[in-house]
Amino acid sequence: ETVGTVLSISNDLVFNCLVDQAKIEKNGLGKSKEESQEKLLTRDASGRLRVRGKISQVHFLPRGDTWSVRGGQLSVMSNDRKPRGLLSKDMGDAIAAAKDEVEHCHAAVSNAETKVDKLEGEHIQKRREWNTARRARKANDDEMDALIERIDQIRTEMENDAPDATADTSVQEGEVQQLEEELEKLARQRETFQKDHDQRQPELDTLRSEIDDATTRTEKAIEELQAAETEMTQYVETQTQNADALQKKRDRIHKYEQKLQDQEEECAEISEEASTRLAMARKLHHFLHVFENNRESCAKGDSVEFERNNIDPTEEQLENIQPPPMDKGVKQCETRLSRIKKRFEEEKARAVTFDETKEEAYQAYRQAQDEMKEKTDSCASLGEKKDALEKDLKSRRKRWKQFRAYLKQTTAIKFSELLGLNYYSGDLEFDDQTESLDLKVSKGGTQSQTKDVKALSGGERSYTTMCLLLAMGETLETPFRILDEFDVFLDPQVRKKTIQSLIHVAKRMEHRQFIFITPQDLTGIKPDPRLKIFKLRPPERHSQQAGGLTQQTL
């Protein structure tokens, strides 16, 4: 396909301008470089490359690079512009690739460090060899200078001895010849050493450059080490601060322990006082028990005599009396104790003074005791039910808040994902206090966000509303979704992308049924087993109008 066949332009003037200026009918589009070249590249009779049809250049995914044929030669141009990012783009592959690249970089650094260590060792060895050769060369130069001086000396002696023609010079000539041979040998050694030096000079320069690189890396490592030392200093300072804070907490714990010790001493005093009060309560309980026994005896008609010796309990009787469980506060118990004492005295006086009302008083006492027990049990049962209901209410409120936060987050993510299908981005803000919902929408790659939906155009507002309804429908899990005339205010390009996005979303949600109602034309959409198109007959009031719009259901 070409750019002209993909674009849907209703204005003929705009279409002709794009054809003349942008050459949209000559720019091809392909999914990949290999696929587009396989379909479009051919060779003529002379073996030169050419492109089928009137296409001059081809754009292909994923980065928008282009290739073309010029003068029978294939040329490829890369797209330097960064692709537009989406809010819902998956960066997992990029992160994995970055991690792999970091691992490769670490491996390369390790190999480079190993190579640097090896080169440093070789450099030291070559340096030693070069110093040894330089010393040998100096020794050869010194020896050569000595030989030249010796030759000059012998020649001077020969010149001085020239008048004596009868002298025998064979010994001196032999020495001269021997010295000349040694001189030639030293010259050859010097030439050999010079050639060896010239041959090893490039290798020496390479080693020097590698040493410089290793020095640069070492300096960088030293800088990183200094940075690490700085971080270590900060860590030590942090640890010192933590130690100071820990010491303060220990001091506070010591104060709390001192307070706890004081509380224990106070509790011991209270326990001692409680023991005294317990002995008094046991004695009163014994008096009450004796009084009830005497009243029962009176009810039976037996004579009862109240004497001090018969009422006072022994130590063994007091030890056998166990206190009842303390379910109420101290003040309530004191109040109840004083009330029991008062009632005991009143009943004692009535039992002594009024013998004829003993049976009635006993019956009233038993009835009051039963009512008190019943009320106590009822209060305890109601208290348990109250605690259980409060605990259940707190648990339900907590789960409800968690569920509400999850629904808000899910709706916002789905809304942003649906906006990303049309290269928009946005977010939802739920205000639980005012019970309101605010939308933030940004168009294309712009960073500014629009909170006022009225500031958007009609098509943008329709698309945003559609995305909001789909996101909320996904959260509510409604089995049916119906959108009526959702594309009335959309331009052709946005309408095409919107319908494709809706079809994609609907097919992906197989557990839901979508019904889209539109008066626009749907001839560009192909039905399949999962996509049905029902075209309704026009209403009778429009049946006689030629060219009238018809309503279609997708």
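Me: How do β1 and strand β4 pair, and over how many bridges?
Reply: β1 and β4 (residues 57–60) run parallel to each other, joined over four bridges. Two strands count as paired if DSSP finds at least two bridges between them. Strands here are DSSP runs of E with at least two residues, and helices are runs of H or I with at least four, numbered from the N terminus.

Me: What sort of model is this?
Reply: It is a predicted model, in which local features need pLDDT of at least 70, side-chain atom pairs count only at pLDDT 80 or more, and totals for chains, interfaces and linings use all residues. Residues are numbered from 1 along each chain as its sequence is written, and side-chain values use heavy atoms, with hydrogens and water left out.

Me: What stands opposite glycine 30?
Reply: Phenylalanine 60, in β4, stands opposite glycine 30.

Me: And which strands make up the sheet?
Reply: The sheet is open and has four strands, ordered β1-β4-β5-β6, with mixed pairing. β1 (27–30) and β6 (73–77) are the edge strands, each pairing on one side only. From one strand to the next the twist averages 25°.

Me: Which helix packs on the sheet?
Reply: Helix α3 (residues 33–40) does, touching β1, β4, β5 (65–70) and β6. The direction of α3 makes about 30° with that of β5. Axes are lines fitted to C-alpha atoms, for helices over the stretch in contact, and angles run from 0 to 180 degrees between N-to-C directions. Contact means heavy atoms within 4.5 Å.

Me: Switching topic. Where does aspartate 427 sit?
Reply: Aspartate 427 belongs to strand β7 (residues 424–431).

Me: Why does aspartate 427 count as partly exposed?
Reply: Because its relative accessibility is 33%. Buried means under 20% relative accessible area, exposed over 50%, and partly exposed in between, with a 1.4 Å probe and protein chains only.

Me: What does aspartate 427 touch?
Reply: Leaving out residues up to four places away in sequence, aspartate 427 touches Ala412, Phe415, Asp438, Leu439 and Lys440. Alanine 412 is 15 residues away along the chain, and its C-alpha atom is separated from that of aspartate 427 by 5.8 Å.

Me: Last bit, the whole chain. How many helices and strands?
Reply: The chain has 11 helices and 12 strands. It has 554 residues, of which 21% count as buried.

Me: What share of the contacts joins residues at least 24 apart?
Reply: 59%, among contacts in the chain between residues at least 6 apart in sequence.
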